[in-house]
Amino acid sequence: AFDDSGKKFIDIIYAKAVGEGIAKITINRPERRNAFRPQTIKELMRAFNDARDDAAVGVIILTGKGTDAFCSGGDQALRTKDGYADDADIGRLNVLDLQIQIRRLPKPIIAMVAGYAIGGGHVLHMVCDLTIAADNAVFGQTGPKVGSFDAGYGSSIMSRLIGPKKAREMWFLTRFYTASEAEKMGLVNTVVPLENLEKETVKWCREILRNSPAAIRVLKSALNAVDDGHAGLQELGGNATLLFYGTEEGNEGKNAYLQRRRPDFSKFPRRP
Ligand code: 2NE
């Protein structure tokens with residue numbers, strides 16, 4: 001039961017399940033196997049920003065329209081010398097910004113994959129926190145075949161997920177993998193019959209939503225911290241500050257400043 005109110009978008013559908021805490025973002029270019037163009041990425045970023053800002057949303061689902069494809073990567077018809085051409089014919093690789101946004105957004109994001117997750121579309125599911133795959137899902141990188149590559153998250157996160165040897169296999173040979181092969185490789189969390197895909201994904205969302213939002217938030221940043229380097233530490237550190245602001249000790253400093261007195265931290269323990 002999704003309330004589809006995403007009328008202002010062209011390339012995506014953005015919907016929220018009222019009272020459920022779930023937002024669903026759907027890439028809506030099925031005639032191109034949900035390949036993305038710069039416009040698609042701009043809209044995805046707007047929708048993810050909205051879901052981030054909406055305190056009623058606790059989990060976000062990313063998916064593709066129809067059952068043929070989750071996403072087939074960058075729209076090859078728009079490839080230029082410097083990325084993918086936007087309306088002004090300027091090349092963009094703004095999918096890289098979207099990947100960072102997904103990694104740093106402090107709420108779980110679940111890729112719900114039916115059909116093909118290929119190229120840049122495959123990287124998108126990898127940067128999501130969890131992947132629920134339908135039994136018709138197919139996973140692969142085509143970069144070296146079509147004259148492209150993702151040497152950022154598309155390589156490093158893959159190597160983390162499935163191991164350095166398997167990652168080399170996937171990138172060097174550009175093979176496609178079935179859903180059950182992907183599950184064995186640790187590329188997805190579970191595989192379900194296509195007709196149960198959304199039901200199962202919503203079940204996973206509800207299980208997450210029963211748990212502590214603060215714990216989930218800190219854990220997402222903690223699980224990304226090593227791989228994301230300084231940016232990962234900043235995210236994790238930001239969560240420490242956020243929690244500290246809620247303590248009496250944190251407030252003593254602020255109150256003392258506002259009351260123009262010396263702060264008194266003497267009653268706060270120096271824990272072992
Ligand atoms: C995805 C796949 C395997 C599906 O095959 P199939 O047989 O189910 O469909 P078909 O007939 O190939 O595709 C249906 C229509 O969608 C278009 C096709 O050209 C076709 O159009 P019409 O002939 O009906 O007019 N279409 C599909 N994917 C497209 C794409 N990515 N760009 C533009 N049009 C596309 C099969 O379609 C396939 O292999 N697609 C290409 C996958 C691919 O190579 N993606 C790019 C990888 S590079 C990348 O994404 C990237 C990166 O490496 C670094 C940074 C950013 C992006």
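How many nonpolar, polar and charged residues does the lining of the largest cavity have? In this predicted model, that lining has one nonpolar, three polar and five charged residues. The residues concerned are Arg103, Arg104, Lys220, Ser221, Asn224, Asp228, Ala231, Gly232 and Glu235. The volume of the largest cavity is about 40 Å³.

Cavities of 30 Å³ or more number three.

The ligand was examined next. Around the ligand there are 22 residues. Ser72, Gly74, Gly120, Thr142 and Ser148 come nearest. The shell divides into 10 nonpolar, eight polar and four charged residues.

A polar side-chain atom of threonine 142 is 2.7 Å from a ligand oxygen atom. For glycine 74, a backbone N or O atom lies 2.9 Å from an oxygen atom of the ligand. Glutamate 31 places a polar backbone atom 3.3 Å from a ligand oxygen. On its own, the ligand has 1,000 Å² of accessible area, and the protein covers 66% of this area.

Key: Residues are numbered from 1 along each chain as its sequence is written. This is a predicted model: local features need pLDDT of at least 70, side-chain atom pairs count only at pLDDT 80 or more; totals for chains, interfaces and linings use all residues. Side-chain values use heavy atoms; hydrogens and water are left out. A residue is near a molecule or strand if one of its heavy atoms lies within 4 Å of it. A polar contact is a pair of N or O atoms within 3.5 Å; within protein, one must be able to donate a hydrogen and the other to accept it, and residues adjacent in sequence count only if both atoms are side-chain atoms. Accessible areas come from the Shrake-Rupley method with a 1.4 Å probe; for residues, only the protein chains shown count as cover. Ala, Val, Leu, Ile, Met, Phe, Trp, Tyr, Cys and Pro count as nonpolar, Asp, Glu, Lys and Arg as charged, and the others, Gly among them, as polar. On a 1 Å grid over the protein atoms alone, a cavity is a set of points where a 1.4 Å probe fits but cannot get out, and a pocket is an open set with protein on both sides within 12 Å along at least five of seven lines; lining residues have an atom within 4 Å of a point. Grid points are joined across faces, edges and corners, and a volume is the space filled by probe spheres set on the points.
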